[in-house]
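These are notes for a colleague who is opening this structure for the first time. Please read the points below alongside the sequence and the coordinates.

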Amino acid sequence: MGDEKIYMIPVNDAFSVDCECAFCYLENNFEKQCLEIVLGESVMEVDSRVETNKKGFCPRHFHMLLEQKNKLPYGLMLETHIYEIKTNFERILSSHFMSLNTQKREGFLSRFLNNKALRENLLNDLLAFFKTINSQCVICERINARMKNYFDVFFFMWKTKKDFQQKVLNSKGFCLYHFYDLLKISQNHLHSTDLDQFVEKICKIELDAISQIYKNICEFNKQFDYRNANNIPAHEVRNSLINATEKLGKYK
Ligand SMILES: [Zn+2]
Ligand SMILES: [Zn+2]
């Protein structure tokens with residue numbers, strides 16, 4: 001089994017957890033680790049955080065970093081990341097200004113922006129720069145790479161370990177996001193009858209899970225009828241809004 005064994009343990013364990021999606025459980029845990037790692041890196045030397053400085057994060061992960069207890073690592077990270085943005089922003093602007101080949105800086109920008117070709121070049125460079133900045137996230141990249149690993153391990157175990165397969169089939173299925181990923185990736189790992197059987201089995205548990213959630217939600221809503229005022233709803237009915245949200249909306 002070699003190195004794969006290290007990755008098998010979390011995937012195998014995740015399918016023992018009573019949750020709406022084992023991949024959400026894995027992704028959620030890894031995301032928490034990433035937040036800690038990134039903040040740990042931010043107090044190290046500038047050279048070791050070149051990637052973070054350059055790429056930054058998506059809105060979700062900026063806000064999650066903001067919510068972490070220790071504020072100094074985030075402050076240091078922001079200091080270097082914003083410096084990087086400021087420097088590059090200035091570089092784009094100054095490279096265009098210099099192309100005008102004039103010594104005067106007064107009224108420079110307005111004259112510059114009156115030149116259609118120069119304005120379009122500047123705008124294209126600015127759009128490209130901000131599009132790149134806004135689309136990059138160090139944490140999302142790490143999560144995507146790790147999730148790819150987890151899916152590889154999932155299919156390796158599905159093919160080689162009957163007890164793991166049974167564990168999966170006894171689970172509550174997956175959130176709709178990871179169910180989509182699972183179906184999509186299955187084509188890279190399984191072929192012909194193996195793929196057909198996988199899709200059939202996995203769809204059965206997913207549909208059963210969705211049907212059960214639907215039933216629980218209906219029961220939940222019935223509680224608000226005065227005729228049911230004295231009924232004590234079952235645990236899964238009381239939790240049905242949370243469970244349904246997790247099933248439909250990935251982890252928080
Ligand atoms: Zn999920
Ligand atoms: Zn992100």
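1. Start with Gln165, which contacts Trp158 and Lys201 once its neighbours within four places in sequence are left aside (contact means heavy atoms within 4.5 Å). Gln165 sits in helix α9 (residues 162–169); helices (H or I, at least four residues) are DSSP runs, numbered from the N terminus. The side chain of Gln165 reaches the backbone oxygen of Trp158 at 2.9 Å, and a polar contact of 3.3 Å joins the side chains of Gln165 and Lys201. A polar contact is a pair of N or O atoms within 3.5 Å; within protein, one must be able to donate a hydrogen and the other to accept it, and residues adjacent in sequence count only if both atoms are side-chain atoms. Gln165 counts as buried because its relative accessibility is 9% (buried is under 20% relative accessible area, exposed over 50%, partly exposed in between, with a 1.4 Å probe and protein chains only).

2. On the basis of these values: this is a predicted model, in which local features need pLDDT of at least 70 and side-chain atom pairs count only at pLDDT 80 or more, while totals for chains, interfaces and linings use all residues. Residues are numbered from 1 along each chain as its sequence is written, chains are lettered from A and ligands numbered from 1 in the order in which they are written, and side-chain values use heavy atoms, with hydrogens and water left out.

3. The zinc ion (ligand 1) is held by Cys21 (SG), Cys24 (SG), Cys175 (SG) and His178 (ND1) at 2.0 to 2.3 Å. Donors are N, O and S atoms within 2.8 Å of the metal (3.2 Å for Na, K and Ca); water is not among the atoms, so sites may look incomplete. The angles among the four donor atoms run from 102 to 117°, and the site is tetrahedral (for four donors, all angles between 85 and 135 degrees). The spacing of the donor residues in sequence is C-x2-C-x150-C-x2-H. Cys175 and His178 are both buried.

4. Which residues donate to the zinc ion (ligand 2)? They are Cys58 (SG), His61 (ND1), Cys137 (SG) and Cys140 (SG), at 2.0 to 2.3 Å. This site is tetrahedral too, with angles of 101 to 114°, and its donor residues follow the spacing C-x2-H-x75-C-x2-C. Distant parts of the chain are linked here: His61 lies in helix α4 (residues 59–66) and Cys140 in helix α8 (residues 138–160), 79 residues apart. His61 counts as buried because its relative accessibility is 1%; Cys140, at 28%, counts as partly exposed.

5. The domain assignment gives domain 1 (4–139) and domain 2 (172–249); such bounds come from an automatic or database domain assignment. The centres of domain 1 and domain 2, taken over C-alpha atoms, are 35 Å apart. Nine residues from domain 1 and ten residues from domain 2 make the contact. Between them the two domains bury about 800 Å², 58% of it on carbon and sulfur atoms; buried area is the accessible area (1.4 Å probe) that two parts lose on being put together, summed over both. Glu20, Cys21 and Phe23 lose the most area on the domain 1 side, together 67% of what that side buries.

6. Phe89 belongs to helix α5 (residues 71–98) and is partly exposed, with a relative accessible area of 33%. Apart from neighbours within four places in sequence, Phe89 contacts Leu126, Phe129 and Phe130. Phe89 and Lys201 are 112 residues apart in sequence and 53 Å apart in space, C-alpha to C-alpha.

Notes:
Tetrahedral: all angles 85-135°; square planar, octahedral: opposite > 155°, others 65-115°. Helix = DSSP H or I, 4+ residues; strand = E, 2+ residues; numbered from the N terminus.
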